[in-house]
Amino acid sequence: MPGNRARQSRTRAKDAGPPRTGADEKATLRGFLDYLRNAVADKVAGVPEPHVRTGGVPSGTSLLGLLKHLAFVERFYFLGEDAGHWPATMRPSAADTVDGVLADYRETVERANQVIDACPDLALPAPRPPRRGPAPSMRWVLVHMIEETGRHAGHADILREQIDGSTGR
């Protein structure tokens, strides 16, 4: 069971408070999203194989899978790329490495932030693959991504604590 692994290396990071953001709506939303993005990436960084890809719960969810999934979600909502089969986005391949998935996530976030920054009005539609129905507004996508990333940050907190006892942000 993951909870019995390397408990002797328990560390407690100082919890970081809410981010200080700019005064406008876009800066506030992006500031909170970046805060959560960094929290998830930090939970994955430094976790050794095979623990980073081992499911810590009955669903098989792993830290590496969470990060890979979030990169697909970012590309879908901000870059308009089709994710394909969503359940597959949670499963790292044998070729996926911590460094590679982290680099892909960070590069995807950088590209997503360029799209966010270029949006002159949060009421405008966000990019998305062709589908029936209207695209959601950039405002909706930012709020949804805060919710999605925050939910997975909580999962990452639990998985990381099961691996090595590490807590905090």
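**Notebook: helices and salt bridges**

I began with arginine 30, which at 22% relative accessibility counts as partly exposed, where I take buried as under 20% relative accessible area, exposed as over 50% and partly exposed as in between, with a 1.4 Å probe and protein chains only. I note that this is a predicted model, in which local features need pLDDT of at least 70 and side-chain atom pairs count only at pLDDT 80 or more, while totals for chains, interfaces and linings use all residues. Residues are numbered from 1 along each chain as its sequence is written, and side-chain values use heavy atoms, with hydrogens and water left out.

Helix 1 covers residues 25–44, 20 residues in all, and reaches 29 Å from its first C-alpha to its last, close to the 28 Å expected, the expected span being 1.5 Å times one less than the number of residues. For helix 4, residues 138–164, I find 27 residues and a reach of 38 Å between first and last C-alpha, close to the expected 39 Å. Just after helix 4, glycine 165 has a positive phi of about 80 degrees.

**Salt bridges**

I counted a salt bridge wherever a side-chain nitrogen of Lys or Arg lies within 4 Å of a carboxyl oxygen of Asp or Glu, and the count comes to 15 salt bridges. One of them joins aspartate 117 to arginine 30, with the closest N and O atoms 2.7 Å apart. This pair links distant parts of the chain, since aspartate 117 is in helix 3 (residues 98–118) and arginine 30 in helix 1, 87 residues apart. Aspartate 117 counts as partly exposed, at 45% relative accessibility.

I next followed arginine 37, whose side chain meets that of glutamate 74 in a salt bridge at 2.7 Å, N to O. Because arginine 37 lies in helix 1 and glutamate 74 in helix 2 (residues 63–79), the pair ties together parts that are 37 residues apart in sequence. Both arginine 37 and glutamate 74 are buried.

Glutamate 81 and arginine 111 form a further salt bridge, their closest N and O atoms being 3.0 Å apart. Here glutamate 81 sits in the loop between helix 2 and helix 3, and arginine 111 in helix 3, 30 residues apart.

Methods: Helices (H or I, at least four residues) and strands (E, at least two) are DSSP runs, numbered from the N terminus.
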